[in-house]
Every structure is written in structure tokens, then in C-alpha cells.
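The following exercises concern the architecture and packing of the structure shown below.

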Amino acid sequence: MYENGFQDSGVEDNAGTRPATANSEQRRVSRLSEAMNDALAPPANVIIRDSAAIFRNSGLNTPSPYDTPSSMDGALEVHDQYFAQKDSSSRPVTRPSTAPFDATRDRYGFRKKTQYVSVAQYEAWNGPYTEYLTRRRKKWVILLKESGLITDRPTRFPPKSVKVKRFVRKGIPPDWRGEAWFYYAGGPSMIAKQPGVYTELLRQASMGEVTETDNEIIERDLNRTFPDNIKFKPDRPPDSGRDSQIPEPETPLLQSLRRVLHAFSIYNPKIGYCQSLNFLAGLLLLFMNEEKSFWMLNIITRVYLPGTHEVNLEGANVDLGVLMTSIKESMPSVWTKIAGELDGSTIDPSKSMRLPPITLCTTAWFMSCFIGTLPIETVLRVWDSFFYEGSKTLFRIALTIFKLGEQEIKAVNDPMEIFQVVQTIPRRMLDCNVVLETCFKKFANLSQGTIEQRREERRRGYADERARANGEPVVVRRKGTVFTRRKERKVDR
Amino acid sequence: MAEATAPKPSSSVKLVLLGEAAVGKSSLVLRFVNNDFQENKEPTIGAAFLTQKCNLPTRTIKFEIWDTAGQERFASLAPMYYRNAQSALVVYDLTKPTSLIKAKHWVAELQRQASPGIVIALVGNKLDLTNETANSSNSLSDGGDGEAAEGEDADGDARRVSTAEAKSYAEEEGLLFFETSAKLGTNVTEVFTAIANAIPETSLKGTRGPGAAQANAGRTEDPSRVNLTGPRDNASKEGCAC
């Protein structure tokens, strides 16, 4: 029934011919490499453009002593632990479509029943959806064959085109998903440019280079990542009893998660560990190997959501501001319901940097890329388009949540009730086809360009605020154009 | 049965939960709101909003609860929650002394920045990890190689913050004080009931239910903070309708 559901409005990114022009793609890749290079620069504020220089500076190209691990003693055990997974890191850890789980679990190992979705509701949706997946998979097989690509565990996919974008919007086959995400997000070039970096970071992690603060909270969060997924938290054997005192052994996936988060925290000193990265990395690990998960986590946090997970969370606040502006613009009647301060006043997001309290409920939407907010299949479908099309997908989906919940939101009278309503609406959105169909029907005109422009405005706003707070005179921080634009804004007021 | 023929005055109380990551903030709320417990509860990102009613003999309190993320970098969001809060629940993990230090920082920030009359409860959670409860268990929910595991007593008591220490701090600062177990349900409703009782009626704004006028014209209470001295205080036994 959804076969024809996704009309590309053609309003936005297709103004030319294709969603990603050679130019835009090039820009994206170069932004990507820049972001990556940035990470390795030893002092966080120095950007080194030449990746070779980076390796020299951080000593990353020195041969690892662990090439001959037998020479090590004390550190060896820890080290071995880190490298135990080395072999498997060259292959996908799981193949979701074939993994046999019992009837209480979905195809990825998550419990079907959640606080918001009953098993009956799940099954009612899953039956037809499973048929849909089979149909889509057949079409994908044809698409890949037409492009001369292998269809047995493919790692290469057709170049971006209007057709492929439509295919992605209708869902990537679950067992191909990880590789497709990696491919379209620019992973292969990333990994090719920085060979051995992940292994080296693991070595550093095993030498205790993860900060104590990060390490402590990572340890606390490992067991709190997807406790409802069997690959993170296996069912207890029936004889172990309800209150068994024996600590459960860690699953391989949980150990992978620790390594990815450790490596990431060393590689990204400006971020370190931020809660929500555990969910992002955990979901990636269900679909691709450790090293690829590591690079994808970098791509998410530096290219798609820059600054979102950094210590001051500025990127998150920037995006929340952009979302508020977009809601105000596209759904004024929803906006009047959600814009209120706790004391009843209202903020204009285009004039003030302050965010309305509703954003407290939506912070996790961006930071976790909807994990924990939308049902898992919906999250995966969002991620399909997210990695293919860019961060605009997250904004469009956020708008879609408000759109689909419009009637419920408008019916709210108690100003505090709105928080619970907005928080609950997405958790019931099991029918991912409806969500994505609505998204691309209603919000396809919100372009990446608009988002980047609004992000830049918000960033400037925060920079101005900081300057004022520090009592600094207004200085030209970037290029002349920024200064000029700031003057224009003053005229606007 | 508690429902009298005339509806009781009803008012809402905004409450914010603060405290270090993984001390059990969300678990306390889950126990209070749904009477449920989830092993390995996922970390809260940003914040969660929940409500629950609490029936007192003379009135009904509807708690509007902001459950916040514990990681330090989320702390900058906190003023948004506590700006208008009439009460705060500052939680530490009684198996982790550094979490009490963090709790003290939160108390100091609230005393400095929040509304002057805010009722603050200091709560030491994870009482189930001590051997003081009937149902005691020595399994450490966090596993791993934390200090708590290292320093665990031979008798399996993981407590690292004494009741006396936390209690005397709470008394000095005029805070309500409880030790709780979200896992076992110990003292959880008591905390919220004590807070409900400690909110001066005169500060109850936004009364939306019928009988609002009576609520404000009703008995006068000492507007200063009520200092309930401990978890077994009888005053806290008036039940919440959970």
C-alpha cells in the first residue's frame, strides 16, 4: 500500500537534477575530512589540514608495539581484551534478518512490547510490514543487479539519484542497512584515509588514556544501553533465579560498545563521552562492525550534528532553536501551544536565544537521533534517510511528530500537560511508513541549506552572547561577511 | 474511601530531580509514578516529564516532575527546570561518596538560584545495596570495577555514605532527608508525601481544582521548611495515592 506513498515533492533539493550534485557531495566529503582531521590535532583548537602531519603530531603512525604482543606482560591482558574482537571487526557482527529470536523479540533482538506499544499492536503492524519488507527487498535486489553490484552481503551501493533516494526513503533491507548507511554517509573514504587509527586508539585506551571521568560514566552506562535487546542483555537462564547474585557475563556487543566509546572519547577530546553516544554506538553495532561503528559515530557527531555532543551542548541548543523557528513557521497553531514559558510568557525564537521549556522534551530527539523516542523500526527508517540525505531528515521528522500529533496538541489546555503529550506522541509511532510518508509529503521543502543558514544564525547568536558575557567588545570573529550580516540583523531590530 | 463527598482542594506542585548520573533519579520517579522498577534503566537524555497525584488528608497534590539528565554537561539546562519549581529532590547514591558531594553542589545552587521558598529533599538511594534492609542484596547493580565493589565489606554492605553524615548535613541545611530504595520501593512514597506536606499552603499557586479558595484560607502552616528528621517519621506516612 505504500509502494506509491512517497512522492518526492521536488520542491527542495531536486531543484537541479539530483539530490546530491557532484559539488555538494564534494563539499560534504571535504567537510567530513576536515572534521576528522580536526579530531587528531593534539591541541583541540589547532586545525591541521594535512592528515599526514596529524599522524606525525599524535604519533599515530609509529608502529604499534602490539604488533608483537607477546613481548608485553602486565598490560597484555587488558590489551588482549581489547583486541579479542579484532578478527570479527572486519565482518558485520550480526545479520539481523536471519537471527533467530524467540517470539517476544523483534527481528533485531529488541522486545516487541514496550511501555507504549503492546504485543498485539506490534503484531498487527508487523504482519503486513514483514510482507512490505519482502517486497522492498526484491526491488532492492533488482536495483543492485541493474547497477552491476553484488547482492550477497553488499558493501557497495548504487550512486545517489532520485530513484535511489526514493528507495532509501522506503527503507533499506534490514540486513544491508549497516553497509548502506556506511556507504552513503561517506564511511569508505574516511576509513581509507585513516587506516589503523581505530586500532591505535584501542591501544591508547588499553594504556589508560581514557579520562577517569569518561571511563566512569561509560562503565555506568554500558549496562544501561539497550537492556531490552538480547544482544546487549541476554535472557537469564531459567535456573539462575530471580535474584541471582552472580554478575552476568558481558556480551561481545557490550564489550564492543565499551571499545568504541573509549576510542571515540580519546579521538574527540571536545566531546569525550556524552550520554546518548552509548545509544548511537549501540544501534550502529547492531548493524556493522566495531571499526565502522566508530567512524559512523564520528560522522554523526561531527558532520551531521556538529557540536551537539560537545561539553557545552551548543550544537544541540542550536538545532533546538532551528526546530522551534521551523515549527513557528510551518505550524503556527502548534507553536502557540508549545511556545509558553513555565510562567506563561512566550519567547520569539527569531529574536531571543532562549529556548522554550518544550525543548527539554526534544533535546533527546537530536542527541540520540530518535532512539528511545520513536519505536525502533521507525528509528531505523529515519536513519536510512538521515545517512543518505543529511541532518535535514532529523528536522523533518521532528516536524512530522508535531504534525501527526497536531490534533492532540491543540486539544491540550493545561500548560503543563503539553510536555507529557509531546513526549508521548512519538513513542507510539509504530507505523513507520506513515511517519516517513508524512515527513516527505509535508516537510520536503525544508532544505539542508535553510537548516545550515539557521544554524549559522543561532551559532552567531550564542557567540554574541558569550562575547557580551565576557564583556568583550564586538569583534570580527570570522570573515567579513559575518560582520556585515550582523549589522543587517541590528537594522532588523 | 478517602474521597470525601466534597472534593478536596487540589493543587499542582512543580518538582525537579537533580543529582549525579546513575544515582537512580529516573528509578525513583518510575517507582513513584508507576510503582515499577527496571534493572539497568537507560540514562535520561535531556529530561523527562511525569506527573503523579498525592492524596493528603486535606488536599490533593499533583506533582509535575522534571526528571533530569545526570551527566555534568546537561547541568546547564537545570535552571530551566528549577526556575519555577516549588520543590527539588536531590539524589545521591549511598554507595558512592562523590555523588553526595555532587548533591551538595546542587543544594548550594538551588539555595542560591531557585525560588526562595523551595522545599528541598536530600535522598540517598540504593538502600537495597546495604545489608540494613530485610531484603538486602549484595549484588552491585553497576557491576564493573567501581570503588564500591573494591571497598565492599565482607558482609556485603556496599554503603559508603553513613546515614549520620548525610542526615547531619541535611539538618544543617534545613533539608528533608530520606534513604530510599527505588528497587524495593523503600521510602519512595514517603519522600514525595513529606515534600507535599512541607510545601506551605500559602505558596500553592495555580490551584486549579474546585475548592481552591478553601485551600488558601485553610490552616496556616509554618512557612519555613519543615524538617522531617528521618525516614521513619510518622508525619510522612500519610499516603500518596500511587
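Helices are DSSP runs of H or I with at least four residues, strands are runs of E with at least two, and both are numbered from the N terminus. The model is predicted.

**Exercise 1. Fold composition**

Solution. 
1. In chain B, the secondary structure comes to seven helices and six strands.
2. Of the 493 residues in chain A, 55% are buried; for the 242 residues of chain B, the buried share is 57%.
3. Taking contacts in chain A between residues at least 6 apart in sequence, 73% join residues at least 24 apart. In chain B, residues 24 or more positions apart account for 73% of the contacts with a separation of 6 or more.

**Exercise 2. A covered helix in chain A**

Task: Determine how many residues of helix α11 (residues 277-285) of chain A are buried, and which helices the buried residues pack against.

Solution. 
1. The cut-off for a buried residue is a relative accessible area under 20%.
2. Nine of the nine residues of α11(A) are buried, and the helix is mostly covered.
3. Among them are A:N278, A:F279, A:G282 and A:L283.
4. These buried residues pack against α6 (177-184), α9 (212-222), α10 (252-267), α12 (290-304), α15 and α16 (376-389) of chain A.

**Exercise 3. Nonpolar cores**

Task: Identify the residues with the most contacts inside the largest nonpolar core, and list what B:L122 is in contact with beyond its neighbours within four places in sequence.

Solution. 
1. The largest nonpolar core has 164 residues.
2. Those with the most contacts inside this core are A:L283, A:I338, A:W383, B:W66 and B:L122.
3. With neighbours within four places in sequence left aside, B:L122 is in contact with B:V90, B:Y92, B:L100, B:A103, B:A166, B:Y169, B:A170, B:L175, B:L176, B:F177 and B:F178.
4. A second, separate core comprises 32 residues, including B:C54, B:I65, B:V119 and B:A198.
5. As general background, nonpolar side chains in soluble globular proteins tend to be buried together.

**Exercise 4. Two helices of chain B**

Task: Classify the relative orientation of helices α3 and α5 of chain B and describe the contact by residue class.

Solution. 
1. The axes of α3 (residues 97-113) and α5 (residues 163-173) of chain B come within 12 Å and cross at roughly 5°.
2. Because angles under 35 degrees count as roughly parallel, α3(B) is roughly parallel to α5(B).
3. The meeting residues are B:L100, B:K104, B:V107 and B:Q111 in α3(B), with B:E165, B:Y169 and B:E173 in α5(B).
4. By class, this contact of α3(B) with α5(B) has three nonpolar, one polar and three charged residues.

**Exercise 5. Aromatic pairs**

Task: For the ring pairs A:F366 with A:F395 and A:F419 with B:W66, assign the geometry and locate the partners.

Solution. 
1. Over all chains, the whole structure has 34 aromatic pairs.
2. The ring centres of A:F366 and A:F395 are 4.9 Å apart and the planes stand at 50°, so this pair is tilted.
3. Since A:F366 lies in helix α15 (residues 358-367) of chain A and A:F395 in helix α17 (residues 392-404) of chain A, the pair ties together parts 29 residues apart in sequence. Both A:F366 and A:F395 are buried.
4. For A:F419 and B:W66, the centres are 4.8 Å apart and the planes are at 70°, so the pair is edge-to-face.
5. This pair crosses between chains, from helix α19 (residues 417-424) of chain A to strand β3 (residues 60-68) of chain B.
6. A:F419 is buried at 3% relative accessible area, and B:W66 is buried at 2%.
7. Ring pairs also link A:Y108, A:W181, A:F287, A:Y304, A:W383, A:F386 and A:F387 into a cluster.

**Exercise 6. Positive phi**

Task: Is A:R153 buried or partly exposed, and is B:N187 buried or exposed? Locate each residue in its loop.

Solution. 
1. Most residues other than glycine have a negative phi.
2. Phi is positive for A:R153, near 45°, and for B:N187, near 65°.
3. A:R153 lies in the loop between α4 (119-146) and α5 (162-169) of chain A, and is partly exposed with a relative accessible area of 38%.
4. B:N187 lies in the loop between β6 (176-179) and α6 (188-198) of chain B; its relative accessible area is 10%, so B:N187 is buried.

Note on methods:
Residues numbered from 1 in each chain as written. Chains lettered and ligands numbered in written order. Predicted model: local features only at pLDDT ≥ 70, side-chain atom pairs only at ≥ 80, totals over all residues. Heavy atoms only, no water. Axes fitted to C-alpha atoms, helices over the stretch in contact; angles between N-to-C directions. Parallel < 35°, antiparallel > 145°, perpendicular 65-115°, else oblique. Contact = heavy atoms within 4.5 Å. Nonpolar A, V, L, I, M, F, W, Y, C, P; charged D, E, K, R; others polar. Core = buried A, V, L, I, M, F, W, Y, C linked by side-chain atoms within 4.5 Å. Buried < 20%, exposed > 50% of the residue type's maximum accessible area, 1.4 Å probe, protein only. Phe/Tyr/Trp six-rings, centres within 6.5 Å; stacked < 30°, edge-to-face > 60°.
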